[in-house]
Amino acid sequence: MFTVVYTGFCVQGLALAGLFVPYARRRWGRRWQGVLGRGLPSPTGVVAGAAAVGAVVIAAVHLYWAFGGSAGVGEERAAAHTAVTGVVSGVHAVCALAAGAGAVLLVRGGNRAAWWPSALTWTGSAAAVCWGLWPWIASLGPQLDGGEPASAAVQWIYAGQVITGICAAAVLTRFLTSRREG
């Protein structure tokens, strides 16, 4: 049953993403097509720098956990580490890095195509915020499954992941609004 349900979710997600791209191109294409152009103002660069620093810290911790590191996770979570949980932590790391790198590329500007740093930032920031916010909120309440509560380190990492994603999303928003016509 698990396989059927989650395969369905994956197919639905891919279909929605595939349908969204033509719509986004028609609706907002002029904002993310062409070259990056002139860089964004200094305050936006500070936000992008914060996203990049946060991304590196978050990615380092998630990669440590992905390869079996157990510091800060608690005994129960460390004992439950599998290849699947390692891959999930690795994906968290990649998404955080995508958000930070995309934000920095957008701020720097230049002659490279605008669509790929925009897509990198969009995807990375959305994943960082969503997949940081959900476990962070869940870790703040009572553990309904009777397991041990999340450690402060885990809560801080998820909170940092959310903040990193929000910073990167703010840079993307600033970039897209700077390209608005008239």
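Mentor: One cut-off before we start: a residue is buried under 20% relative accessible area, exposed over 50%, and partly exposed in between. Keep in mind that this is a predicted model.

Trainee: Fine. What share of the residues counts as buried?
Mentor: Of the 182 residues, 34% are buried.

Trainee: How many helices and strands are there?
Mentor: Six helices and two strands. Starting at the N terminus, the order is α-β-α-α-α-β-α-α.

Trainee: And what box do the C-alpha atoms fill?
Mentor: Roughly 55 × 40 × 25 Å, along the principal axes.

Trainee: Let's do the core. Which residues of the largest nonpolar core touch the most other members?
Mentor: Ala 103, Val 171 and Phe 175, out of 14 residues in that core. Three helices each supply at least two of its residues: helix 2 (42–66), helix 4 (83–108) and helix 6 (152–178).

Trainee: Which helix gives the most?
Mentor: Helix 6, with six residues. Phe 175 sits in that helix.

Trainee: Why does Phe 175 count as buried?
Mentor: Because its relative accessible area is 2%, and the limit for buried is under 20%. As a general point, nonpolar side chains in soluble globular proteins tend to be buried together.

Trainee: How far is Phe 175 from Arg 38?
Mentor: In sequence, 137 residues; in space, 10 Å between their C-alpha atoms.

Trainee: Switching to rings. How many aromatic pairs do you get?
Mentor: Three aromatic pairs. Take Phe 20 and Tyr 23: their ring centres are 6.2 Å apart and the planes meet at 50°, so that pair is tilted.

Trainee: Why tilted?
Mentor: Because 50° falls between the cut-offs: under 30 degrees is stacked, and over 60 is edge-to-face.

Trainee: How are those two placed along helix 1?
Mentor: Phe 20 and Tyr 23 are three residues apart, about one helical turn. Phe 20 is partly exposed at 32% relative accessible area. Tyr 23 is partly exposed too, at 38%.

Trainee: What about Phe 20 and Trp 122?
Mentor: Also an aromatic pair, and tilted: 5.8 Å centre to centre, with 40° between the planes. Phe 20 is in helix 1 and Trp 122 in helix 5, so the pair ties together parts 102 residues apart in sequence.

Trainee: Which residues do the ring pairs link into a cluster?
Mentor: Phe 20, Tyr 23 and Trp 122.

Trainee: Last topic, the surface. Which residues form the nonpolar patch there?
Mentor: Met 1, Phe 2, Val 4, Val 5, Tyr 6 and Phe 9. Together they have about 710 Å² of accessible area.

Trainee: Where does Phe 2 lie?
Mentor: In helix 1, which runs over residues 2–32.

Trainee: Why is Phe 2 exposed on your scale?
Mentor: Because its relative accessible area is 61%, and exposed means over 50%.

Key. Residues numbered from 1 in each chain as written. Predicted model: local features only at pLDDT ≥ 70, side-chain atom pairs only at ≥ 80, totals over all residues. Heavy atoms only, no water. Patch = residues over 30% accessible without salt bridge, like charges linked within 9 Å, V, L, I, M, F, W, Y side chains within 5 Å. Areas by Shrake-Rupley, 256 points an atom, 1.4 Å probe, with all protein chains shown as cover. Salt bridge = Lys/Arg side-chain N within 4 Å of Asp/Glu carboxyl O. Helix = DSSP H or I, 4+ residues; strand = E, 2+ residues; numbered from the N terminus. Buried < 20%, exposed > 50% of the residue type's maximum accessible area, 1.4 Å probe, protein only. Phe/Tyr/Trp six-rings, centres within 6.5 Å; stacked < 30°, edge-to-face > 60°. Core = buried A, V, L, I, M, F, W, Y, C linked by side-chain atoms within 4.5 Å.
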